[in-house]
Structures are given as structure tokens and as C-alpha cells.
Amino acid sequence: MSGIFEDFADIDELAEALDDPEPGARRVAVMELADSAQPAAIPLLARALGDADAGVRQQAAQALGEFDGPETAAALAAALADPETAVAGAAAASLAEIKDSAAAASILPHLTHPSPFVREHAFRGLKELRAPEALAPAIAALEDADVAVRAEAVAVIGWLKDEQALPALLSASTDPAPAVRRTAVAALGFSLLGRAEEGLVAALGDTDWQVREAAAETLGKAPRAEAAEPLMAVLEDEAWQVRLKAVRSLGRMKITAAVPRIGPLMALGLPNLRKECAAALGEIADPAGEPFLAPYRDDPDPDVRKNVRWALTRIEAGAA
């Protein structure tokens with residue numbers, strides 16, 4: 001990177017630049033440290049998170065997103081409590097990028113921080129790390145007063161894919177907040193247990209269409225024959241997004257009985273739904289689907305035409 005520090009020979013000179021009286025010079029030093037990609041830059045960037053200038057702190061939080069490891073995670077987790085929203089937001093974004101499982105131990109202590117923002121983003125940072133030790137605090141956080149914290153805690157539980165957490169997820173699927181219910185319903189997809197399916201079927205009747213949509217989609221990820229009838233029932237849902245996901249799941253499950261229920265949806269003026277219906281009828285590949293598909297062989301939407309022709313080819317191949 002070119003700049004006022006382009007002739008610096010090593011990290012030590014950049015470290016000195018972090019003490020420059022000009023905030024602009026310190027910000028450039030932070031960028032140079034990030035570009036160095038050297039592990040020795042991590043403690044210096046962590047130090048810059050305490051700079052008097054919010055712009056320097058924000059730059060440092062963004063720069064730390066280029067590094068993994070416990071030291072980086074600890075610095076970013078602490079920066080979540082920065083009084084400047086821009087700095088805390090940058091720290092949250094960088095923390096979510098860390099994929100080093102060893103970083104989990106540095107994030108865990110922040111799960112009980114007084115600030116809901118810190119708790120929320122600490123859970124978000126833990127999500128993809130799949131740290132087993134995060135399970136207990138995540139389940140405890142389902143009682144948190146903050147909706148965003150509960151939603152992120154549910155996401156952590158879902159990523160852990162531990163059958164022991166099934167009761168917690170089922171409980172969260174009835175949370176007062178739609179965002180929490182939606183996250184819990186999506187997380188239930190990992191479980192093949194009948195109790196998970198019961199919770200998902202119940203969620204098909206949720207008052208929030210996005211929860212119903214998540215349930216319709218999730219039921220197709222671990223398909224069981226018992227889910228077919230409830231999914232066919234929501235093909236009449238008032239929200240087309242719910243119908244679309246139900247169609248997709250029924251196609252994946254290859255439910256022949258769904259053909260006369262899916263076929264009429266082709267007549268609706270929604271290209272996305274027609275495309276999904278054509279794909280599902282092709283997956284099922286039952287001859288009863290041909291009359292519903294044929295009128296749309298020359299549909300004005302290219303994606304619909306493609307799926308219709310593919311579906312008709314599948315049905316013809318099956319008949320042959």
C-alpha cells in the first residue's frame with residue numbers, strides 16, 4: 001500500500017506511528033498494519049482500539065477482521081462496549097468473521113455483559129465456531145429480556161446441532177418475538193426426531209408469515225412422510241412466500257398426492273412461484289403434472305420456461 005508510511009521497514013516503525021499526534025497519521029498506520037498481515041500487528045491493532053480518536057478505533061476494529069485467533073477475538077469482544085456506535089459496529093462485524101475455534105474462550109466471558117449489544121454480538125461471534133461450551137449459556141440466554149440476544153442465542157444452539165438442545169429450541173419456537181421463533185424454526189432442521197417435526201408442523205400455523213415460511217422450508221430439509229399433508233394444507237396460505245417454500249419441500253419429498261394441489265398454482269401471476277411449481281412437478285415427475293405444465297412451455301419468464309421444459313422432459317422420460 002502506498003502512503004506516508006510506504007518506506008517503513010518494519011512493524012516497529014508502525015508501532016511508533018501509532019503515537020503520532022495526528023489522528024490521520026495514526027489511521028494510516030493502522031491500515032499499514034492490516035496490510036502487513038503479520039501476527040505481530042495484532043497487539044498493536046488491539047492497542048489502537050483504545051485510541052482517543054474514534055476514527056482510529058473504528059479503523060483498528062475493521063483491520064482486526066483480517067486476523068484470526070484468541071487475541072484478536074478478545075480485543076474485538078471488548079471493543080463491543082465502545083461508546084461510539086460506529087466503533088462497536090465495526091468490532092461486531094469483524095468478530096463475526098473470525099473462524100478460529102480457539103477464539104471461543106475469549107468471547108464466552110462477554111455473554112453475560114450488562115450491555116445487550118455486547119451480549120448479542122458475542123453470541124453472533126460464537127455462532128460458526130461451534131463451541132460446545134457455548135451451549136449452556138446459549139440456553140440460559142433464551143430467558144434474556146432482549147429479543148436480539150435471544151435470537152442470536154438460538155442461532156448458536158442451532159449451529160451446535162446437539163439433540164440435547166431440542167427442548168430448548170422447541171421452547172424458543174413459541175417465543176413471543178417472531179424473530180426468535182423464526183430462528184428457532186430454521187434451527188430445528190438438524191433434528192430427525194419426531195418432536196422436532198411436531199414443532200415445525202405447529203409453526204406452519206404461526207401468526208407471522210416469515211415463521212410459517214421458515215417452517216415450510218425446514219420441513220423439506222429432513223423430510224418425513226407425516227409432514228406431507230400439513231405442507232399441502234399451507235399451499236393455500238395467504239403469503240405466496242409460504243406457498244413457495246411448501247411447494248419446494250413437497251417437490252423434494254416427491255409427494256405424488258401434491259401434484260393436483262401444486263398444479264393450479266401455476267396459473268397465479270407470480271413468476272417465482274410458477275418457477276418453483278414447475279421444478280417441484282419435475283422432481284415428482286408424475287404424468288398428472290403434464291397438463292399443468294404444458295400451457296407454460298413458452299412462458300414469458302425465461303426461468304419458468306426452463307423449469308417447465310425440464311419438468312416435461314422428466315415426466316416424458318419416466319413415462320418412456
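Arginine 119 touches His110, Leu111, Thr112, His113, Pro114, Asp144, Asp146 and Val149, leaving aside residues up to four places away in sequence. The model is a predicted one. Arginine 119 sits in helix H8, which spans residues 116-126. With a relative accessible area of 12%, arginine 119 is buried, because the cut-off for buried is under 20%.

**Helix H4**

- In helix H4 (residues 54-63), the buried residues are Val56, Arg57, Ala60, Ala61 and Ala63.
- Viewed down the axis of H4, these buried residues fall within an arc of 160 degrees, so they line one face of the helix.
- An α-helix has 3.6 residues a turn, so residues three or four places apart point the same way.
- The cover over the buried residues of H4 includes helix H2 (23-36), helix H3 (41-48), helix H5 (70-79) and helix H6 (85-95).
- At the start of H4, aspartate 53 places a side-chain oxygen within 2.9 Å of the backbone nitrogen of glycine 55.

- Arginine 27 is partly exposed, at 30% relative accessibility.
- Aspartate 19 forms a salt bridge with arginine 47, with 3.3 Å between the closest N and O atoms.
- Aspartate 19 is in the loop between helix H1 (11-17) and H2, while arginine 47 is in helix H3, so the pair ties together parts that are 28 residues apart in sequence.
- Aspartate 19 is exposed, with a relative accessible area of 58%, whereas arginine 47 counts as partly exposed at 40%.

- Arginine 150 forms a salt bridge with aspartate 175, the closest N and O atoms lying 2.9 Å apart.
- This pair links distant parts of the chain, 25 residues apart: arginine 150 is in helix H10 (residues 147-160), and aspartate 175 is in the loop between helix H11 (166-172) and helix H12 (178-187).
- Arginine 150 is buried, with a relative accessible area of 9%, and aspartate 175 counts as buried at 10%.

**Salt bridges in the whole structure**

- The whole structure holds 17 salt bridges.
- Glu120, Arg124 and Glu152 are linked in a network of salt bridges.

Notes
Residues numbered from 1 in each chain as written. Predicted model: local features only at pLDDT ≥ 70, side-chain atom pairs only at ≥ 80, totals over all residues. Heavy atoms only, no water. Buried < 20%, exposed > 50% of the residue type's maximum accessible area, 1.4 Å probe, protein only. Helix = DSSP H or I, 4+ residues; strand = E, 2+ residues; numbered from the N terminus. Arc of directions from axis to C-beta. Contact = heavy atoms within 4.5 Å. Polar contact = N/O pair within 3.5 Å; in protein donor to acceptor, adjacent residues only side chain to side chain. Salt bridge = Lys/Arg side-chain N within 4 Å of Asp/Glu carboxyl O.
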